[in-house]
Amino acid sequence: MALTLCGRARRFVSATSVHNNDCLHRLQQTGSDRFQLGEAKAIRLLPRRTNMVQELGTREELMQENREVETSYDFLGEMRQRFLRFKRQKYLPQIEKFQALAIAQSPKDKKQVMVIGCADSRVCPSYVLGFQPGEAFTIRNVANLVTPIQNGSTETNSALEFAVTTLQVENIIVMGHSNCGGIQALMSHQNHKENQSSLVERWVMNGKAAKLRTQAASSHLSFDEQCRDCEKESIKDSVMNLITYPWIRERVKRGEVKIHGCYYNLSDCSLEKWRLSLDKSNNGLYVSDREIWS
């Protein structure tokens, strides 16, 4: 009966619309419940032309694709909100400062600091040490290593050269941290398998000297304790490796550049800091100004 009424309704609307378009227009605007219900019932009474299982499978695939797209868009949406929040809360209130930084990254009224930090996502130097845009020229690698100049060019020492010779930074900081995955990889690595190692293992083997000293002095300690010692020994080696670069060593001797090491403890939020100083009596170097900030 619903199908018959629906058919009559359609013929009535169709015939009437030829002579009076206002009727159809009002029907579309108000939405006749009976007409729509009859149309829906008529469609359900038609024979299915597709396999229901295939149709449900297709729907599920489409829903899965939509979920994946929505997840991706959620991430990008969050990034967009963070950027706009940065612009609204930080950039616009200090627009003159940021426009000055757009011209050069070394403000005339303040010398930049060069920071060599770890790539670990938990240890962002600018976040931990409170640097603002334009203050810190930063390079990050696995385990915050500085190789000696004899080892050749790396991303780290090329950034060092630019920071010291072009930006003329006055302070270089090597910043390590506790629970460093790079140092754990170094301490776990079997020295005789260097040629069969992954890229990460081959890179951290640049800290091999610190590892061997730690193992010799701390063999009675647990593996985790040895890692803590090696993390600090590695910072010391990287600090000393900076002196192998002539354009750093000469500036240190003239007092134009100061080199610092610091160790950030994630567990208690403390920072152990020291400086490499020049002994003018014998032209040697020694560690001075050791402090713990807690």
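Q: How many bridges join β5 to β6?
A: 8 bridges join them in this predicted model. Strand β5 covers residues 270–279, and the two strands run antiparallel.

Q: Which residue in β6 is the bridge partner of Ser277?
A: Tyr286 is the bridge partner of Ser277.

Q: What is the strand order in the sheet?
A: The order is β2-β1-β3-β4-β5-β6. The sheet is open, has 6 strands and shows mixed pairing.

Q: Which are the edge strands?
A: β2, residues 136–141, and β6, residues 284–293. Each of these pairs on one side only.

Q: And what does the twist average?
A: 20 degrees from one strand to the next.

Q: Which strands does helix α7 touch?
A: Helix α7, residues 155–166, packs on the sheet and touches β1 (113–118), β2 and β3 (171–177). The direction of α7 makes about 170 degrees with that of β2.

Q: OK, on to the core. How many residues are in the largest nonpolar core?
A: 26 residues. Those with the most contacts inside this core are Met114, Ile116, Leu160, Ile172, Leu242, Ile248 and Ile259.

Q: Which element gives the most to this core?
A: Helix α7, with 4 residues. Elements that supply at least two residues each include α11 (223–242), α12 (246–253) and β4 (258–265).

Q: What does Ile116 touch?
A: Leaving out residues up to four places away in sequence, the contacts of Ile116 include Ile139, Leu160, Ile172, Val174 and Leu242. Asn141, Asn144 and Thr156 are also among them.

Q: What about the second core, which residues does it include?
A: Cys118, Ile183, Val204 and Met205 are among its 12 residues. This second core is separate.

Q: Switching to aromatics. How many aromatic pairs are there?
A: The count comes to 5. One of the pairs is Tyr91 with Phe98, 5.2 Å centre to centre. The planes are 40 degrees apart, and the pair is tilted.

Q: Is Phe98 buried or exposed?
A: Phe98 is buried, with a relative accessible area of 13%. Tyr91 is partly exposed at 24%.

Q: Last one. Which residues do ring pairs link into a cluster?
A: Phe83, Phe86, Tyr91 and Phe98.

Methods
Residues are numbered from 1 along each chain as its sequence is written. This is a predicted model: local features need pLDDT of at least 70, side-chain atom pairs count only at pLDDT 80 or more; totals for chains, interfaces and linings use all residues. Side-chain values use heavy atoms; hydrogens and water are left out. Two strands pair if DSSP finds at least two bridges between them. Axes are lines fitted to C-alpha atoms, for helices over the stretch in contact, and angles run from 0 to 180 degrees between N-to-C directions. Contact means heavy atoms within 4.5 Å. Rings of Phe, Tyr and Trp (its six-membered ring) pair if their centres lie within 6.5 Å; planes under 30 degrees apart count as stacked, over 60 as edge-to-face and the rest as tilted. Buried means under 20% relative accessible area, exposed over 50%, partly exposed in between (1.4 Å probe, protein chains only). A nonpolar core is a set of buried Ala, Val, Leu, Ile, Met, Phe, Trp, Tyr and Cys residues joined through side-chain atoms within 4.5 Å.
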